[in-house]
Amino acid sequence: MSDVIKRLVVVGNGMAGVACVEQILKHAPRFEITIFGDETHVNYNRILLSSVLAGERSADEITLNPLDWYQKNEIRLRLGVRVVDVDAEAKTVTGDDGSVTQYDTLLLATGSSAFKPPIAGLDRDGVFAFRTLDDTRQLLERAGPGVKAVVIGGGLLGLEAARGLQVRGCEVTVVHLMATLMERQLDPDGGSYLAGKMEDLGIRVLLGRSTTAIVGNGHAEGVAFEDGMVLEADLVVVAAGIRPNVELAYKAGLRVNRGIVVNDWMETSDPDIFAVGECVEHRGTCYGLVAPLLEQGKVLAATITGNKGPVYSGTVPAAKLKIMGVDVFSAGDWSEQHAEPVRFEDRALGIYKKLTVRDGRLVGAILVGDTSDSHRYMDWLRSGADLTAQRRHLLFPPPASDAGLDIAQMSEGATICGCVGVTKGAIIAAIHEKGVNTLSQLKEQTRASTGCGSCTSLCQDILRAVAPDFEEDGKKVLCGCVPFSQDSLREILRSQRLKSVQEVLEIYGNGTGCEVCKPALSYMLDMIWCGDHDEDRSARFINDRVHANIQKDGTFSVVPRIRGGVTSPAELRRIADVADKYHVPMVKITGSQRIDLLGIRKEDLPKVWADLGMPSGQAYTKGVRMVKTCVGTDFCRFGTQDSTSAGIEMERRFEHLYTPHKVKMASVGCPRNCAEATVKDIGLVGQEGGWQVVVGGAAGKSVRKADLLITVETTESALEAAELFFQYYREHANYLERTYDFVDRLGIDKVRKETIYAPESVRAGLLDRLRKSKAASHDAWLEGQSPVNPTQFIPLQPIENVPS
Amino acid sequence: MPSGVERRWIRIARSENIPPREGRTALINGKEIAIFNLGDRFLAVDNRCPHQSGPLCDGIVAGDAVVCPLHAWKVNLETGTVLRPVNQNECIRTYATRVDGGVVSIEA
């Protein structure tokens, strides 16, 4: 038989089926393979659907096997065809397109479907499941600001869907039948910590509610409960669990309980039919998580290719919630029957940990709020190690004296990536044998961290400890003086509470610094401590020491602040007088609706400022430059909004502040855009009945039309949206990164999600830090009267008389 | 240095008038001389960058070098040589300094 090419038909083009085929191909390609998939997509990472919904990844980014993988392996792919019948006698499968396909070996990887609870009205428009890319796309079409969404089901999937919808701007309520969220993974205490965290994010949680009906006239308008309460809803997601798809197995005459029954070699009751994934039941358990499915696939690949030997003996169930900032991990049997619980909790920190120990061995773990030790516990659960000697350190290991120790303590066989099943030993082998030095190379070689991504930092740690030439992926360091990325530096300054540039350079750098890192660090310190840092003028560019713009001949230009470009005859007279008095060689109207006095000597700056009696226009710094305005409703016959007042108010709220790069703004009263708001860093564009707030525009070296951040009705809402973006840019952009590069790099979706659509607490935090910074700022030109150093503006006068 | 001109020590300023890691100028013999406080010592050079005469006293100090504020040429304050761009032959004049009783003097 060995030379005859057998026909292998795979029903199901999901993660379990395709991963098993990948394993089969590793053995020996003695098969002619056909894969049927009822979805129209190539194999994608289903567990990352929530991150597509949340906008963290695009649909393309979760593709696991692109089309050319199928082609390269000569696999016949039948997408969009649902297999509706199996004839085990004739050895054929029938598709819903009428096609009949002969097999020698059949692999059922049919997965599972969303369970439909007994609720009336599930067929109404606006009711969705959350299982597939198509479900996700439909949800994305409906989700948006102000949409009321109800998620039925407070399990892993329901909670991830809820968070995804919320970051899209929906008002979300999670309704759960049981009294505990994720009750299959969490005990009541753990569940209550989780509920608190969801509520903190701004997601309402209703527990112990039995849903009876989706009400509405054709489309969903509300959700009704047994107790008579009705909740308004424009969008309903049903995530009440999954059921294995076993219809084909019935038709094939296989033994089926809850799932398709398989033995330890992954064989079914028919010698030519095999099954893998969520549709199978092994030793009485159906798995709905990815790691067991991949383990099963490896065993089945051996069996199916005539290399029968390896056995599947079940998987310790482990689950991680993939919601940023809500860390939840659960594994094993955490019930306290016949086990000793070991607990820690801190309400204020929102941390709850429980381990269950039986006969000196770990049998279960629940972690909420801090999952950093989950790999250690998984390792203990899998190995069944005797922990008697470490009993005092179960929850709090003695601190590691060096960074590599945590890695060194892990056994070679410890699983690092639970999704794909990659051990520490396999990673080390890839580093040594394939010359892997970066995370992306590691992903390519071993597929580690291509699943849920929660092991990414652990993979990095191993690379750092083992790889001879470890390189951080795409992380540019600020400069050679302080070799850290700007992200890391911001984190370092915050966590180490560093307040001066010199301190940072001495502890984390070469002690001296240069013209690249010093201004960047100065900015970061000012931003992070909201102005409450140790300002060091020697670390600032000359413009920020004397608050004027240095010119090619060493003189300076002076641009007073004229908010919104609106001035007065008195101001203009003072400006003219100053120009006369100091023999200003050029007086120039700028493109920013300001007046520039060029050619002022450094020592004259304080006198010029005093004579002008106007605040600094910050035309010399990486800071708030100006807001251009049009005449809006006051004079213009087309104006729809009072753009002049709005622009002046915006300028008042932001002026005097430092930013990663210069920030130029504009406010226009109608879409004719006379002050060019759509090519500014922040623009307010008035329209009938409201404002569009646009960000990330440019009309400099490159031209970029600003992206729409949000459309709002009132001027106050427009200003608040601008404030959220402004502070977000200050906190997250790299130094010298203009808003147009920043918005381009992050994507406007992410920017929206983390500003205007962010949870209330996040938005309040941004606004609060902006206000603190603003309160600590002042008009730089006041230093003309009280310089920070007596020689700030004047040259030294030699003590002894010298010929000059 | 040009021959025929006698050098002598000139008392310039109290040291606190030149903040750490900053430069200041003094006009001596018709020339602007930039004096830098490196924290542990003072260094003095002609105030004009060899590139386009930018005021070096206004530059950011990077170790024992200064970076010109106009086009970021980097000049070594000990030797007067140009460190960036590389392979420049231009050099600026340096002056000896000393601190005596809290007063900075230069030899010019």
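Predicted model: local features only at pLDDT ≥ 70, side-chain atom pairs only at ≥ 80, totals over all residues.
Residues are numbered from 1 along each chain as its sequence is written, and chains are lettered from A and ligands numbered from 1 in the order in which they are written.

- For the complex, the predictor gives an ipTM of 0.94 and a pTM of 0.53.
- Chain B has a mean pLDDT of 91, with 95% of its residues at 70 or more; pLDDT is the predictor's confidence in each residue, from 0 to 100.

- Chain B has zero helices and eleven strands. Helices (H or I, at least four residues) and strands (E, at least two) are DSSP runs, numbered from the N terminus.
- Of its 108 residues, 43% count as buried.
- Across the two chains, 29 residues of chain B are in contact with 22 residues of chain A; a contact means that the C-beta atoms of two residues, placed from the backbone, lie within 7 Å.
- On the chain B side, the elements that give two or more residues are β1 (9–14), β2 (23–28) and β5 (60–62), and β2(B) gives the most, with five.
- By class, that side of chain B has 17 nonpolar, seven polar and five charged residues. (Ala, Val, Leu, Ile, Met, Phe, Trp, Tyr, Cys and Pro count as nonpolar, Asp, Glu, Lys and Arg as charged, and the others, Gly among them, as polar.)

**Chain A: the overall picture**

- Chain A has 25 helices and 40 strands, and buried residues make up 47% of its 804 residues.
- Among its contacts between residues at least 6 apart in sequence, 62% join residues at least 24 apart.

**Chain A: strands**

- All six of the six residues of strand β35 (residues 663–668) are buried, so this strand is largely enclosed by the rest of the structure.
- Both faces of β35(A) are covered, with Val663(A), Met665(A) and Ser667(A) buried on one side and Lys664(A), Ala666(A) and Val668(A) buried on the other. In a regular strand, side chains alternate between the two faces of the sheet.
- Strand β34 (residues 624–629) runs parallel to β35(A) and is joined to it by five bridges; two strands pair if DSSP finds at least two bridges between them. Here Val624(A) stands opposite Val663(A).
- β35(A) also pairs with strand β36 (residues 682–687), in the parallel sense over four bridges, and Ser667(A) has Leu684(A) as its bridge partner there.
- Elsewhere, four strands form an open antiparallel sheet in the order β30-β31-β33-β32. Its edge strands, β30 (549–550) and β32 (586–589), each pair on one side only.

**Chain A: helices**

- In helix α13 (residues 456–466), Leu458(A), Cys459(A), Ile462(A) and Leu463(A) are buried. Seen down the axis, the buried residues of α13(A) fall within an arc of 140 degrees, so they line one face of the helix. (The arc is that of the directions from the helix axis to the C-beta atoms.)
- Helix α23 (residues 739–746) has Thr739(A), Tyr740(A), Phe742(A) and Val743(A) buried. These cover an arc of only 160 degrees around the axis, which puts them on the same side of α23(A).
- Just after α23(A), Gly747(A) takes a positive phi of about 90 degrees.

Conventions. Buried ≥ 20, exposed ≤ 12 C-beta atoms within 10 Å, placed from the backbone.
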